[in-house]
Amino acid sequence: KHILIINCVFDPEPVVSAQIGKSLAESLYESGEKVTVIAPYPSRPYGFEFKDNLDISNSINTFSSKDRLECFYLPSYRYAKSGSLGRLIESISFGWASYNFIIKSDVKYDIVYMNTWPVFGQLGVALACKKKSLPYTIHIMDVYPESISQRLSFPFKILVNALLMPFEKYILKKAKKVIAISNKMKEYLVKTRDLNPQKISVVYNWQDESNFID
């Protein structure tokens with residue numbers, strides 16, 4: 001199979017989602033699959049210096065290439081600081097870059113896996129997959145738009161939910177599989193997004209605490 005992995009952060013960025021994406025790509029490669037990875041140029045965490053800094057240009061940059069494993073940096077706006085507007089532009093920019101990569105690719109991917117910026121980063125992938133009839137799996141690390149709206153006062157809270165929730169529901173309903181990181185998240189997504197529970201798998205990506213409890 002040829003699998004496309006879309007990660008909003010990736011190695012060498014020392015953050016959880018980046019290392020999950022790296023481990024997933026390497027495991028699939030070692031099991032015999034053909035894997036393509038796309039990600040923005042590294043920027044996380046804020047202030048972290050990447051010694052092997054690549055020249056950011058307007059073209060796609062190959063940063064790893066093997067017989068069955070290719071990884072690409074896509075030029076897009078990056079915003080490692082905290083700030084709603086900057087993060088919004090970053091999400092839209094990488095969503096657009098991902099959309100164009102999929103649309104322009106000659107490859108008919110068997111499955112697309114995305115762990116990317118909500119909501120517009122995810123929407124770009126979902127729209128491209130729909131246009132090219134590609135199944136996709138989406139990994140949910142945090143629940144949006146609630147993670148934003150719950151910090152806002154009325155009526156902005158209502159407005160943000162009303163604007164973003166239709167996109168969120170569309171993205172999850174069109175997915176072949178949804179990955180949640182806890183049972184409570186799964187229950188919440190089923191209830192608020194009207195999803196079939198069978199569509200959601202729970203995959204814990206934090207430490208196994210049983211050894212500490214023992």
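At what angle do the axes of helix 5 and helix 6 cross, and within what distance do they come? I began the notebook with this pair.

**Basis of the entries**

I worked from a predicted model, in which local features need pLDDT of at least 70, side-chain atom pairs count only at pLDDT 80 or more, and totals for chains, interfaces and linings use all residues. I number residues from 1 along each chain as its sequence is written, and side-chain values use heavy atoms, with hydrogens and water left out.

**Entry 1: helix 5 and helix 6**

I took helices (H or I, at least four residues) and strands (E, at least two) as DSSP runs, numbered from the N terminus. I found that the axes of helix 5 and helix 6 (residues 183–193) come within 11 Å and cross at roughly 110°. The axes are lines fitted to C-alpha atoms, for helices over the stretch in contact, and angles run from 0 to 180 degrees between N-to-C directions. Helix 5 and helix 6 are therefore roughly perpendicular to each other. For that wording I applied these limits: under 35 degrees is roughly parallel, over 145 roughly antiparallel, 65 to 115 roughly perpendicular, and the rest oblique.

I noted the crossing of helix 5 and helix 6 as left-handed. A crossing has that hand if the near helix is turned anticlockwise from the far one by less than a right angle, and is right-handed if clockwise. For contact (heavy atoms within 4.5 Å), I listed M165, E168, K169, L172 and K173 of helix 5 against L189, T192 and R193 of helix 6. By class, this contact has three nonpolar, one polar and four charged residues. In this scheme Ala, Val, Leu, Ile, Met, Phe, Trp, Tyr, Cys and Pro are nonpolar, Asp, Glu, Lys and Arg are charged, and the others, Gly among them, are polar.

**Entry 2: helix 2 and helix 3**

I read off axes that come within 6 Å and cross at roughly 20° for helix 2 and helix 3. These two helices are therefore roughly parallel to each other. Helix 2 passes helix 3 in a right-handed crossing. Among the residues in contact are L88, S91, I92 and G95 of helix 2, and F120, G121, G124 and V125 of helix 3. I recorded the classes of this contact as 10 nonpolar, five polar and one charged.

**Entry 3: helix 3 and helix 5**

I found that the axes of helix 3 and helix 5 come within 10 Å and cross at roughly 45°. That makes helix 3 oblique to helix 5. The crossing of helix 3 and helix 5 is left-handed. The contact joins F120, Q122, L123, A126, L127 and K130 of helix 3 to L164, F167, E168, Y170 and I171 of helix 5. Its residues divide into eight nonpolar, one polar and two charged.

**Entry 4: the largest pocket**

Which residues lie nearest the centre of the largest pocket? I listed R87, W117, P118, Y144 and I148, out of 35 lining residues. Helix 1 (16–30), helix 2 (84–104), helix 3 (120–131) and helix 5 (156–174) each supply at least two residues of the lining, and helix 2 gives the largest share, six residues. By class, I recorded 21 nonpolar, nine polar and five charged residues in this lining.

**Entry 5: backbone details**

I noted a cis peptide bond between R44 and P45, with omega about -10°; P45 is in the loop between strand 2 (34–40) and strand 3 (61–65). Another cis peptide bond joins P118 and V119, with omega about -10°. V119 lies in the loop between strand 5 (111–115) and helix 3. I also recorded phi of S133 near 55°, a positive value in a residue other than glycine; S133 is in the loop between helix 3 and strand 6 (136–139).

Key
1 Å grid on protein atoms, 1.4 Å probe; cavity = no way out; pocket = protein on both sides within 12 Å on 5 of 7 lines; lining within 4 Å.
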